[in-house]
2 protein chains.
Amino acid sequence: MTRPSRSAERIALKHGAGGRAMRRLIEEVFLPLATPVDGVGLSALDDGAALRVGDRFLVLTTDSHVVQPIFFPGGDIGRLAVCGTVNDLAMMGATEPLGLTCAAVVEEGFAREDLERVVASMREAASEAQAPIVTGDTKVMGKGQLDGLVLNTAGVGFAERVVTDAGLSPGDLLIVTGTLGDHGMAVMARRHDLGLLGDLKSDVAPLNGLVREALRAGGQDVVAMKDPTRGGLAGVLHELAAKARVGIVLDEPALPVKDEVRAAAEMIGIDPLLVANEGKAVLGVRAGAAERVLAALHAHPLGRRAVVVGRATAERPGTVILHTGFGRRILAEPEGELLPRIC
Amino acid sequence: MTRPSRSAERIALKHGAGGRAMRRLIEEVFLPLATPVDGVGLSALDDGAALRVGDRFLVLTTDSHVVQPIFFPGGDIGRLAVCGTVNDLAMMGATEPLGLTCAAVVEEGFAREDLERVVASMREAASEAQAPIVTGDTKVMGKGQLDGLVLNTAGVGFAERVVTDAGLSPGDLLIVTGTLGDHGMAVMARRHDLGLLGDLKSDVAPLNGLVREALRAGGQDVVAMKDPTRGGLAGVLHELAAKARVGIVLDEPALPVKDEVRAAAEMIGIDPLLVANEGKAVLGVRAGAAERVLAALHAHPLGRRAVVVGRATAERPGTVILHTGFGRRILAEPEGELLPRIC
C-alpha cells in the first residue's frame, strides 16, 4: 500500500489545534507567503509581525475566533477576540494598542440579540484594554454554511523594543503570570454540561497593562514573551525552546493549577499543561531580573499568582523536561486533535 | 398582530449584501463599538480607519472573504482577499501597503491541494501589489460546521493625505476606472454553470498602483474614493451622496459595461449597477482636474477604460439620478439579498 501523496491530503481538526500538526501545516503551506521584511515577518511565526517604522516597530497581528459555545463561563467570543489580539500585540512589546479591527462572519438565522451581546462584550473588553476598535466588516453565510459566528480581530500598535519568542538563553528563568488551564477547561465544562464543575471560569483578560508593568520593571532583561493559548503551556515552551535552541527544565510542583481545573482535566482525561489559557503570559527573563519582574507582576491584579516555573538550559536544545519532585520526564509537544474550537 | 421586537430578529442574508439592510445592521449593532479617535474611526464607516501618527495617517482595514465557489473565472478567494485589502487601503490614500495579515478558517476535510492553490494565488497577488504578507492565523472547524474556507485579510499602510468617502461637493465629477459588474457576474455564471457565458471573467486586481497615479496627477483635487464591491456602483454612489449630502447625476450611456456582462445580467435578472466589482474604483474629482486624472488613469493598464460617468449636485442631497438618454429615473439604494457570498 502506498501512502497518499501530500497533495491528496485533507485538512483535519489537528491542523488547527496548536500542536505539531498545525506547526507543520503552517510551515509547509503558509510559509511560502513569507517575504523578507525589515523586522519580524511571517517567517518568524511569532505572535504577530513587527515592522520597522523610523526608530520604532509597528506590530501587526490577527486572529480568527471560532470558539464553541460562543458564550462560556467567564466570557464569550467577543471578549476572547479583543483580548486575544490585545495580548498578541502585548507579547511582541506593543502594550498600547493603536487600533483593532472587528470582522464578523455570521450565519443566517443567528439571533440578533446574541450578536448584540457579543458586541457589548467586545466594547467592554476594548475599554478595559484601552484599545479602540476602529474599523470592521460584516459578512453573512447561508443557514447551515457556518456554525453560528466567526469573529476576526486584527490589531496594530507601536513597540519601542520588540520582544520575540526566540530570545531565551541558557540560565534565563521562565515565569508564568498565573494559574494554568482555566480557559480551556471552562469551555470544555460548558460544552459537556459538566454541572459539578460550576466553579470553572475562563481567565480571558487583556494582558497589556500587566505586561507593561513587567517591561517597566525588567527592561531589556525581559527576553521572551508568549501567551499559552492553543497547545497550552506545553506548546509554548516547545516553541520557545525550539526557536532559541535551548532546553527547558520545569519544576512541576511550582506550576499553578487550580484544584477545580485539575479535577476537570482528570475527568476529561487531558493534561492541564496542554489546555489553552486566554489571560496568562509566559515570560523569559534574565535570572538577575526575576525578582524585580515578579514584584511588578504581583502588584497587578492579573499577576498575583505569578511564579517562576523553570529555566532555560544549554542541554538538550528543543526539549522540555519536567521535574516532578520524584523524578523527571519529557513533556511532549502537543499532538492530535486536543480541544477543537477552544478559541 | 405585533411586529417581533428588534432583539428577537434574526440575521438574514440581506444583512451581508452591501445594501440598506447591511448599513442599518452595522449602524444599529456595530456602531456602539466606536470611540473617538484622532483621524477616521469606526463611526465614519469608511473603507478603513486612518489614525494620526505624527504628520501622517496609519490606515488600517479588514475584510473577511466567503466567496462561493472559491475558484472562479479570473481569480479565487486568495486573490480576492489580497486585492480587497490592498484596494481598501488605497481607497483611503495608502497606496504602499506596509503589511497584510492572512487568517484562514478551514473546514475539516478541505483538500490540502486547494489550500495550496489559494495560498499560491495570494502570494502572486501580494507580489503584484508589492504588499508583503507578514503574519497569519489558522483555525479548523469540524466537518459541516463551515462551508469550505473563510479567509480574512487585514492591512496597514501610511497615507500622507487621507481620502475619505465623504469629500464630494456640488460640481465635482465622478470617474469610474473601468467596466462595471465583471466580478459579480463571473462568480454568478460559475455558480449557475452558465456555460454560454464563457467570456465572463472577474476583474479582481490590486488597484494601489493605479490609484497612486491618479493621486499623483490629481493631488488635492481627488476628493473622494471608494471601490464598488458589494452593492456595486449603486451602493457606492448612495454612500458618497449620503455622506457628503450631495445629489449625484449619472449619465447612463457613459457607464462602461461589457456586452457579455450585460447579457448575463439580463439572463439572471439583475442590474449590473448593483453587481460587485473587485478591480474598479470610483473617484470624485474637482472638475478642473478631471482631464489630468483621466489621462493618468488611461496610461495605466488597469485604467484604460476610465471615464467620467456623472457629477455631484446641490439638488436632492442623498439621491442618485440616472439620465438614461430618454429621460431620468432615480437609482435606488440596493436592497434585499442581492448576490450572497459574492466576495
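I began with polar contacts between the chains and found 26 residue pairs in polar contact between chain B and chain A, both residues at pLDDT 80 or more. A polar contact is a pair of N or O atoms within 3.5 Å; within protein, one must be able to donate a hydrogen and the other to accept it, and residues adjacent in sequence count only if both atoms are side-chain atoms.

This is a predicted model, where local features need pLDDT of at least 70, side-chain atom pairs count only at pLDDT 80 or more, and totals for chains, interfaces and linings use all residues. Residues are numbered from 1 along each chain as its sequence is written, chains are lettered from A and ligands numbered from 1 in the order in which they are written, and side-chain values use heavy atoms, with hydrogens and water left out.

Next I looked up salt bridges (a side-chain nitrogen of Lys or Arg within 4 Å of a carboxyl oxygen of Asp or Glu). The rule finds eight across the interface of chain B and chain A. I noted B:Arg230 with A:Asp137, whose closest N and O atoms are 3.1 Å apart.

Then I checked the extent of the interface. In contact (heavy atoms within 4.5 Å) are 79 residues of chain B and 79 residues of chain A. The two chains bury about 6800 Å² between them, 66% of it on carbon and sulfur atoms; buried area is the accessible area (1.4 Å probe) that two parts lose on being put together, summed over both. B:Ile11, B:Leu33 and B:Arg112 supply 12% of the area that chain B buries against chain A, more than any other three residues.
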